[in-house]
Amino acid sequence: MIEEEAMVTEVEEHSIWVEKVQKSACGSCAQGCSTSLVARLFDSKPLRLRVATEAPVSPGDRVIIGVEEGALLAGSFRMYLLPLFSLLGGALLGKQLAEHGLFVSADVGSIVGGLLGLGLTFVLLKYRPGLQRQGLHPVYIRRISR
């Protein structure tokens, strides 16, 4: 279980809303390098999540929430590696089809095939919501402080 600290902002009947300020390791040092400047530019938006729980918490409480490691790895695979494999697979398929005369050249076949593979993967991920968030719902673990 990957755990993070968050603050309760709102309590509903069977769930709570928590906010987690996203921090980058580069944005926290005082060196002032270009990486820390870029991290500060994009690092100020808090992440707001709904967590299902019956725990007795109130707004302002600091809590620990968690996400299953396997679900996070599977989600990362779907969002990063699946589009990459589709791009490469489509490029190889386009090159093979070009050798059979479907495209003008192998380069054109690779480009068209790669873009089609990548686009089909994005459409699949967009319109199959079950593929995006399977098991990625955060769970309440415990309250730290009020």
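Helices, of at least four residues, and strands, of at least two, are taken here as DSSP runs and numbered from the N terminus. In this predicted model, the protein chain has four helices and five strands, and from the N terminus on its elements follow the order β-β-α-β-β-α-α-α-β. The chain comprises 146 residues, of which 22% count as buried. Among the contacts in the chain with a separation of 6 or more, 71% come from residues 24 or more positions apart.

**Strand pairing around E1**

- Strand E1, which covers residues 2-11, is joined by six bridges to strand E4, which covers residues 62-67, and the two strands run antiparallel.
- Within this pairing, glutamate 4 has isoleucine 65 of E4 as its bridge partner.
- E1 is also joined by four bridges to strand E2, residues 15-21, and this pair likewise runs antiparallel.
- E1 and E2 together form a hairpin, with three residues lying between the two strands.

**Packing of helices H2 and H3**

- Two packed helices are described by the angle between their axes and by the distance between those axes.
- For helix H2 (residues 69-99) and helix H3 (residues 106-127), the axes come within 6 Å and cross at roughly 145 degrees, and the crossing is right-handed.
- The residues of the contact between H2 and H3 divide into 11 nonpolar, nine polar and two charged.
- On the H2 side, the residues that meet H3 include Arg78, Met79, Leu82, Pro83, Leu87, Gly90, Gly94 and Lys95.
- On the H3 side, the residues that meet H2 include Gly109, Gly113, Gly114, Gly117, Leu118, Thr121, Phe122 and Leu125.

**The aromatic pair**

- The structure holds one aromatic pair, formed by phenylalanine 77 and phenylalanine 85, whose ring centres are 6.3 Å apart.
- The planes of these two rings stand at 55 degrees, so the pair is tilted; planes under 30 degrees apart would count as stacked, and planes over 60 as edge-to-face.
- Phenylalanine 77 counts as partly exposed because its relative accessibility is 37%, a class that lies between buried, under 20%, and exposed, over 50%.
- Phenylalanine 85, with a relative accessible area of 46%, is partly exposed as well.

Methods: Residues are numbered from 1 along each chain as its sequence is written. This is a predicted model: local features need pLDDT of at least 70, side-chain atom pairs count only at pLDDT 80 or more; totals for chains, interfaces and linings use all residues. Side-chain values use heavy atoms; hydrogens and water are left out. Axes are lines fitted to C-alpha atoms, for helices over the stretch in contact, and angles run from 0 to 180 degrees between N-to-C directions. A crossing is left-handed if the near helix is turned anticlockwise from the far one by less than a right angle, and right-handed if clockwise. Contact means heavy atoms within 4.5 Å. Ala, Val, Leu, Ile, Met, Phe, Trp, Tyr, Cys and Pro count as nonpolar, Asp, Glu, Lys and Arg as charged, and the others, Gly among them, as polar. Rings of Phe, Tyr and Trp (its six-membered ring) pair if their centres lie within 6.5 Å; planes under 30 degrees apart count as stacked, over 60 as edge-to-face and the rest as tilted. Buried means under 20% relative accessible area, exposed over 50%, partly exposed in between (1.4 Å probe, protein chains only). Two strands pair if DSSP finds at least two bridges between them.
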